[in-house]
Amino acid sequence: MTKKKFLSLLALGILLISFYRLISDFSSFQPYLNTIKNGVVIPIATGICIAFVINLVSTKFDHLLRKAGLAQRFVRPLAIALGLLSIAAILAIVVAVVVPEFIKAISVLASSLKKFVGEYDVRVEEYLVAHPALRPTATVIRENIAFFLQDMSDWTREQYASLLSDTFSAMVLTIKSVVTFFVSLVFGIYFTAGKERILGHLNKLMETFLRKDTAERILHVGHVADEVFSKYISAQCLEAVILGGLCLAGMLLFRFPYAPMISALTCLSALIPIYGALVSAVIGAFIIGVTSPLSGLFFLIFILILQQVEGNLIYPRVVGSSLGLPSVYVFIAVTASGSVFGLVGMLFAVPVCTVAYRLLREKHSRKTAGKNITAPDGPDGREVS
């Protein structure tokens with residue numbers, strides 16, 4: 001037995017033993033797996049996503065700075081800095097628009113509910129004066145409501161300690177999430193700054209351990225994924241800005257309240273295909289309907305018409321034309337991925353499905369290349385192209 005074969009068998013044996021230990025006593029390995037997932041996998045994966053977004057923006061500045069004749073060593077750092085500042089400025093504008101309007105909407109909602117409860121009691125009392133026979137039933141209902149509120153108050157008091165514990169856990173989780181985000185941001189900046197070197201190392205690894213045709217296929221899949229995701233993010237952001245701008249213009253034209261907040265919410269929710277627009281419509285109609293039910297109904301009609309325009313005119317031209325994915329596959333991908341992976345699945349469903357769709361089409365084209373395939377006849381007897 002050669003030394004190389006012995007080492008291969010030894011490595012295989014170690015992997016098999018490790019795998020057996022893992023499946024036989026998974027609970028003992030779970031803390032280590034969670035540590036690896038939370039401390040390594042999630043920050044690096046998030047950093048790659050952040051680097052992809054930063055690269056999309058910084059590439060534009062990179063071309064502009066090169067055209068301006070800036071020294072080569074300053075182009076990449078300045079482009080990344082400008083890209084980060086641009087993304088931070090957009091997020092700051094959205095927060096500055098949404099948060100004050102959201103606080104205002106909550107205060108109006110609370111005052112409206114308080115006013116509604118007061119008017120409700122007055123009207124119920126007037127109705128009972130006119131119909132005294134219903135007073136015993138109304139008294140029983142009021143007593144049951146009072147008992148329910150008292151039980152809720154007692155339960156809240158009993159759960160006070162656990163509520164404090166849950167609040168503390170939420171604060172710890174928030175701090176961990178913030179730390180993870182900043183670690184991922186640092187990873188993203190390093191990935192963007194050294195993307196050529198990292199890609200070069202990955203190419204060398206594939207050339208070393210994989211066959212040439214396998215490495216070429218992996219590189220082709222990566223190229224297709226990069227192209228699809230870049231087009232999808234750019235087109236989806238452009239479509240969201242267009243939809244948010246049309247929503248703001250329409251709300252100002254029809255004098256709906258909370259126009260900046262609801263328009264910003266519509267713009268953000270448009271990043272989620274299909275379902276994002278429905279969520280923003282329901283939330284906007286509810287917020288407006290609290291102050292004026294008729295205005296809420298009119299807003300719902302307005303936003304539904306706007307979504308039809310967006311779905312039939314804007315989205316196919318801006319997003320659909322850049323990806324080439326049929327709408328039925330978009331719906332299936334978003335629904336299935338959302339049910340399995342939640343919000344993250346909805347965000348990545350369309351580009352992932354587009355990559356798979358394009359690769360399958362390429363494989364089909366290669367398989368049928370050189371074959372004489374006759375297209376089926378159409379209704380008029382001619383071949384369908």
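1. Val279 counts as partly exposed at 47% relative accessibility, where partly exposed is the range between buried, under 20% relative accessible area, and exposed, over 50%, computed with a 1.4 Å probe on protein chains only. Val279 belongs to helix H9, residues 275-291, helices being DSSP runs (H or I, at least four residues) that are numbered, like strands (E, at least two), from the N terminus. Between Val279 and Thr266 there are 13 residues in sequence, and their C-alpha atoms are 8.6 Å apart in space.

2. Some remarks on the basis of these values belong here. The model is predicted, so that local features need pLDDT of at least 70 and side-chain atom pairs count only at pLDDT 80 or more, while totals for chains, interfaces and linings use all residues. Residues are numbered from 1 along each chain as its sequence is written, and side-chain values use heavy atoms, with hydrogens and water left out.

3. The axes of H8 and H9 come within 8 Å and cross at roughly 165°, which makes H8 roughly antiparallel to H9. Here axes are lines fitted to C-alpha atoms, for helices over the stretch in contact, with angles running from 0 to 180 degrees between N-to-C directions; angles under 35 degrees count as roughly parallel, over 145 as roughly antiparallel, 65 to 115 as roughly perpendicular and the rest as oblique. The crossing of H8 with H9 is right-handed, a term used if the near helix is turned clockwise from the far one, and left-handed if anticlockwise, by less than a right angle.

4. Which residues of H8 meet H9? On the H8 side they are Met261, Ile262, Leu265, Thr266 and Ser269, and on the H9 side Gly276, Ala277, Ser280, Ile283, Gly284, Ile287 and Ile288, contact meaning heavy atoms within 4.5 Å. By class, this contact of H8 with H9 has seven nonpolar, five polar and no charged residues, where Ala, Val, Leu, Ile, Met, Phe, Trp, Tyr, Cys and Pro count as nonpolar, Asp, Glu, Lys and Arg as charged, and the others, Gly among them, as polar.

5. Helix H7 (residues 212-253) and helix H8 (residues 259-269) have axes that come within 8 Å and cross at roughly 155°, which makes H7 roughly antiparallel to H8. The crossing of H7 and H8 is right-handed. From H7, Ala240, Val241, Leu243, Gly244, Cys247, Leu248, Met251 and Leu252 meet Ala259, Pro260, Ile262, Ser263, Thr266 and Cys267 in H8. The contact of H7 with H8 has, by class, eleven nonpolar, three polar and no charged residues.

6. A salt bridge is taken as a side-chain nitrogen of Lys or Arg within 4 Å of a carboxyl oxygen of Asp or Glu, and by this rule the count comes to seven salt bridges. Asp213 pairs in this way with Arg211, the closest N and O atoms being 3.7 Å apart, and also with Arg217, at 3.8 Å between the closest N and O atoms. Arg217 and Asp213 are four residues apart in helix H7 and are therefore separated by about one helical turn. Asp213 is partly exposed at 34% relative accessible area, as is Arg217 at 49%, whereas Arg211 is exposed at 59%.

7. Arg358 forms a salt bridge with Glu227, with the closest N and O atoms 3.6 Å apart. Arg358 lies in helix H11 (residues 327-368) and Glu227 in helix H7, so the pair ties together parts that are 131 residues apart in sequence. Glu227 is partly exposed, with a relative accessible area of 26%. Elsewhere, Asp62, Arg66, Arg76 and Glu196 are linked in a network of salt bridges.
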